[in-house]
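Morning, everyone. Please have a look at the model on the screen before I start.

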Amino acid sequence: MKRFLSALLTVETLVAGVFYAIAAAILFADVISRELFASPIWGGQRMAVLLANGSALIGIAVAVALNRHIRPSVLDGAIPARFDPVTVRLGHLVGAAVMFGGAYFGALLVLDNKAMGFTTPPLKLEVWIAQLVLPYGFASAGLRYLFFAIDPDLQPKHEDRI
């Protein structure tokens with residue numbers, strides 16, 4: 001299981017990084033094109049936004065995998081430490097439920113936009129294609145939380161963070 005999660009993290013990190021690098025390159029080229037040739041790259045800003053959004057949504061799963069996600073700490077210490085094994089697993093199950101809920105509603109959004117035929121101006125790209133990363137990012141994070149609930153040792157500890 002640990003090897004699978006590690007391989008998945010590697011692939012997702014690379015894909016998110018490539019998406020973001022391409023978005024930055026497009027924006028850089030667009031600025032240069034505007035300044036030197038007084039003409040923007042056709043659809044460049046829209047492509048960059050879609051790629052950056054894809055990178056961010058995959059980043060949800062990466063953040064969960066690295067144990068670097070935002071977590072409210074207001075209730076830390078409210079439950080005695082002897083219950084930590086139970087509360088940690090319960091927290092992972094709640095996290096999985098929230099992420100799978102996000103994946104479900106993200107999938108509904110994708111299906112609705114596909115049925116309606118929405119496109120992204122000026123690219124004429126069907127928007128549901130770019131939105132596929134929404135349910136994927138949430139489902140991947142939910143799967144990780146589920147694995148962490150089964151075996152909390154799979155989650156990186158505080159000192160294991162990169």
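First, the ground rules. This is a predicted model, where local features need pLDDT of at least 70, side-chain atom pairs count only at pLDDT 80 or more, and totals for chains, interfaces and linings use all residues. Residues are numbered from 1 along each chain as its sequence is written, and side-chain values use heavy atoms, with hydrogens and water left out.

Helices here are DSSP runs of H or I, at least four residues, numbered from the N terminus. Ser33 sits in helix 1, residues 2-37. Is Ser33 buried or exposed? Its relative accessible area is 14%, so Ser33 is buried; buried means under 20%, exposed over 50%, and partly exposed in between, with a 1.4 Å probe and protein chains only. Beyond its neighbours within four places in sequence, Ser33 contacts Ala38, Ser39, Pro40 and Ile41, where contact means heavy atoms within 4.5 Å.

Next, the loop between helix 2 and helix 3, which holds Pro80. Pro80 is partly exposed, at 36% relative accessibility. Its C-alpha atom lies 53 Å from that of Leu125, 45 residues away along the chain.

Now helix 3, residues 84-116. The expected span is 1.5 Å times one less than the number of residues. Just after helix 3, Gly117 has a positive phi of about 75 degrees.

Terms used:
Helix = DSSP H or I, 4+ residues; strand = E, 2+ residues; numbered from the N terminus.
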